[in-house]
Amino acid sequence: MLYSPPYNVRPTRPVLYGYFRSSCSWRVRIAFALKGIEYEQKSVNLIKDGGQQLTDQFKAINPMQQVPAVTIDGITLSQSLAIIQYIEETRPEPRLLPADPKQRGQVRIICDIIASGIQPLQNLYVLQKIGADKVQWAQHFINRGFEALEPILKQTAGKYCIGDEISMADICLVPQVYNAERFKVDMSQFPTIRRLNQTLIEIDAFKATHPSCQPDTPDDLQA
């Protein structure tokens, strides 16, 4: 979704509207960090006052009333993968998609499994609707997705998800493992996913963007 803001002032730095614990926002933070792009963060608290994403003010930025949204190059983008793909196309170095078309296809499969097949089924909006059974619900759908990802990654992985080059697949994987750990998923079932996550989480771009160290991270959750 592409949205033109009602003003003509182009900011000097991109502005990320996000939330510290939003896995989709974290994907974009990782991409910015890997690309070395400086940006401003504006917190959209998904809990406070019933959810700041539901205000008319934020609806003018993203009609879907979800984070993340990014104002960049005079436009506003929403949906994390669309944002990352735009960044990749306009700021191609270092690349987040492999040069080889077959490997690019593998990256997109992994990204789509996570971004379409796992995360939307355990995001905050859905879990609020589920109510008391939310933990079991989240565990079920994360397990189901990881059961598909584990054999795929066993075939494609080197040091990272696709060979030895960091890609969008890695950007999607780490925040989803964070969610899995939050919901007490038994990660011993998924040794390849666990190994990749342990490697990636030690990289500066993943460390610096972790939910535990963001400007809007509550004091009791800070690292």
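Over residues 12–95 of this predicted model, the chain is 33% helix and 19% strand. The end C-alpha atoms of this stretch are 23 Å apart. The range comes from UniProt, where an unreviewed entry places the feature "domain: GST N-terminal" at residues 12–95.

Helix H6 covers residues 134–156, which is 23 residues. At 1.5 Å a residue, helix H6 should span 33 Å, and its end C-alpha atoms are 32 Å apart, so the two values agree. Within H6, a kink of about 25 degrees lies at Leu149, shortly before the proline Pro151. Leu149 is also one of the buried residues of H6, which include Ala138, Phe141, Ile142 and Asn143. Gly145, Phe146, Glu150, Leu153 and Thr156 are buried as well.

A pair of aromatic rings is described by the distance of the centres and the angle of the planes. The count comes to six aromatic pairs. For Trp26 and Tyr178, the ring centres are 5.6 Å apart and the planes stand at 90 degrees, so the pair is edge-to-face. Trp26 lies in helix H1 (residues 23–35) and Tyr178 in helix H7, so the pair ties together parts that are 152 residues apart in sequence. Both Trp26 and Tyr178 are buried.

Technical notes. Residues numbered from 1 in each chain as written. Predicted model: local features only at pLDDT ≥ 70, side-chain atom pairs only at ≥ 80, totals over all residues. Heavy atoms only, no water. Helix = DSSP H or I, 4+ residues; strand = E, 2+ residues; numbered from the N terminus. Expected span 1.5 Å × (residues − 1). Bend = angle between axes of the 7 residues up to and from the residue. Buried < 20%, exposed > 50% of the residue type's maximum accessible area, 1.4 Å probe, protein only. Phe/Tyr/Trp six-rings, centres within 6.5 Å; stacked < 30°, edge-to-face > 60°. UniProt positions renumbered as here; feature names shortened; annotations may be inferred.
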